[in-house]
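Subject: Structure for you to look at

Hello,

Here is the structure I said I would hand over. Please open it first, then read the notes below next to it.

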Amino acid sequence: MKTEKETFYHALEFRKDLCMGCSHCMMKCPTQAIRVIDGKAELNPNRCIDCGECFRTCPYGAISVKQDDFEKIYDYKYRIALMPSVFTAQFPDKVTYPQIYKALLSIGFTHVYETENSVDCLVKPYNEYIAKSEEKPVISSFCPAIVRLIQVRFPTLVDNIMLIKPPMDTTAMYIKKIFEDQGYDKTQVIHLFKIREEPETMEHPIRGDGAHRVAAAKIAGIKSPATEEASLISGVINMDYLYNRIYKEIKQKAFDKDNDEENFVQMSKQSLYWSLTTGEVRIVDTPHKMAIDQINNVIEFLEKVENESITDIDFLELRACYQSCAGGVLCAGNKFMTTDRANKRAHRSSPNSVENVDWERYADYIASNCLLEGKVEPRSIVKLDDNMVEAMKKMKRINEINNLLPQVDCGICGSPSCQSLAEDIVQNDADIRKCIFIQKILQQNDKLGLPESINLMKQTWGVGKLDKNLVQEIKDEIDK
């Protein structure tokens, strides 16, 4: 049995050599997973949901998103790119889908599939699941950041999460099945590389060398699925990296634009809309449904659902990013232009039904194998104590300490809020005297000396920000 530490993979990586300890990421994190210690940002892995807000807000490039080495794809005979449709929508209008397809083949992929190709096969399972579910609202499992958010911040709602595989996984499952049916040894066609958009089929179907990582959570969801079921996708390549490489390839080799897109499987409107906001609610029959994007909006709404102040919704489509996948942190294009291009492509497509006969042939197979195995388990943000009695005592102590703090949430203590500082204190990870207001109160009453106060500040912000050599420069500035 894997431990939580082993299974909860994080795609975000903090580089201390670049971090300036500015606290932007700490104050932006929706789950308060970041602290500033010794002048550097540090991540609490139990709180992190890989939403990528810290990556988006860091002004110094000190936060990166992990990806697999692109060269890994050449280890396989068959290299399948699993590409989300939003990836192609990032390119300027002058770049056609056939050009992108040809460029992907040119850089080493042997096959290209779009992630949402299996959406049409999920319409019936989606509606049957919602109709049968006793837990309402049913919450889509499409966005991994939202699944993790519910696990760590709204654990009472984990049973509301829809246990249906997202198109990324059902498409990979379909590709794997196709290769098996074509005679490839089953043991050789198991792994797919994902371009975070596309699975790659190799001799082991490599699962998609995912270059299209819409958000850090997508990578984390592949490396560490919310349920016990292992993902079919074995490799991920960030979308911004792939975008730049493909665009360069198109410019250098001037591929024909052939507008008939003969090698590019056409998808239905509902498939193309899927990765955009309202993409899922379009296929849901119930009138009591809602689509919400942007992590803070989602949190605000889920608080109302958890408090049962909202009770008349059957289905919730929740996305962590504004404009959904088009607004992902690794998207190279402008989110609004990307959304507009995706909408235009959907408008030009057929109203429904998959035009590729293979999808129609495998529709029953996908529908009968689209349920997730196992269940989504809650994950504790702060485990106060294994002993329930002791945990209750600590909770009481947190409330007592929090009442002593100024409720300013300034972050000067190195924690994002007074509540989080109180939690850190009870867990022996912080000192109440780190609060600048507490320090001043103690100093006024001769309970804390200046040297000790400075040492406390250095523990949080490091030596550099309290450098004595800055005194004269500061004095000169004040005297101006």
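Cys418 sits in helix α16, which covers residues 418-426. Helices here are DSSP runs of H or I with at least four residues, strands are runs of E with at least two, and both are numbered from the N terminus. With a relative accessibility of 7%, Cys418 counts as buried. Buried means under 20% relative accessible area, exposed means over 50%, and partly exposed is in between, with a 1.4 Å probe and protein chains only. Leaving aside residues up to four places away in sequence, Cys418 touches Asn402, Leu405, Pro406, Gln407, Val408 and Asp409. A contact means heavy atoms within 4.5 Å. Cys435 is 17 residues from Cys418 along the chain, and their C-alpha atoms are separated by 8.6 Å.

Before you go further, note that this is a predicted model: local features need pLDDT of at least 70, side-chain atom pairs count only at pLDDT 80 or more, and totals for chains, interfaces and linings use all residues. Residues are numbered from 1 along each chain as its sequence is written, and side-chain values use heavy atoms, with hydrogens and water left out.

Confidence in the model

The pLDDT is the predictor's confidence in each residue, from 0 to 100. Its average over the chain is 82, and 82% of the residues score at least 70. Residues 1-7 have a pLDDT below 50, and this stretch has 7 contacts in the model beyond near neighbours in sequence. For residues 195-228 the pLDDT also stays under 50, and the model has 231 contacts for them beyond four places in sequence.

The chain as a whole

The chain has 480 residues, of which 54% count as buried. Its secondary structure comes to 19 helices and 11 strands. Among contacts with a separation of 6 or more, 75% are between residues 24 or more positions apart. The accessible surface is about 22200 Å², and carbon and sulfur atoms account for 49% of it. Accessible areas come from the Shrake-Rupley method with a 1.4 Å probe, and for residues only the protein chains shown count as cover.

Two helix pairs

Two packed helices are described by the angle between their axes and the distance between the axes. The axes are lines fitted to C-alpha atoms, for helices over the stretch in contact, and the angles run from 0 to 180 degrees between N-to-C directions.

Helix α17 (residues 436-444) and helix α18 (residues 450-461) have axes that come within 11 Å and cross at roughly 175°. The two helices, α17 and α18, are therefore roughly antiparallel to each other. Angles under 35 degrees count as roughly parallel, over 145 as roughly antiparallel, 65 to 115 as roughly perpendicular, and the rest as oblique. On the α17 side the contact is made by Ile436, Gln439 and Gln443, and on the α18 side by Leu450, Ser453, Leu456 and Met457. These residues divide into 4 nonpolar, 3 polar and no charged. Ala, Val, Leu, Ile, Met, Phe, Trp, Tyr, Cys and Pro count as nonpolar, Asp, Glu, Lys and Arg as charged, and the others, Gly among them, as polar.

Asp446 lies in the loop between α17 and α18. Its phi is near 55°, a positive value in a residue other than glycine. At 71% relative accessibility, Asp446 counts as exposed.

Trp461 lies in helix α18 and, at 14% relative accessibility, counts as buried. Which residues does Trp461 touch, not counting those up to four places away in sequence? They are Gly21, Ser23, Val36, Asp38, Gly39, Gly411, Ile412 and Gly414. Trp461 and Asp38 are 423 residues apart along the chain, while their C-alpha atoms are separated by 5.0 Å.

In the other pair, the axes of helix α5 (residues 97-106) and helix α10 (residues 239-253) come within 9 Å and cross at roughly 100°. That makes α5 roughly perpendicular to α10. The contact residues are Gln99, Ile100, Ala103, Leu104 and Ser106 of α5, with Leu242, Ile246, Glu249, Ile250 and Lys253 of α10. They divide into 6 nonpolar, 2 polar and 2 charged.

Backbone details

A cis peptide bond joins Lys136 and Pro137, with omega at about 0°. Pro137 lies in the loop between α6 (123-132) and β7 (138-139).

Regards
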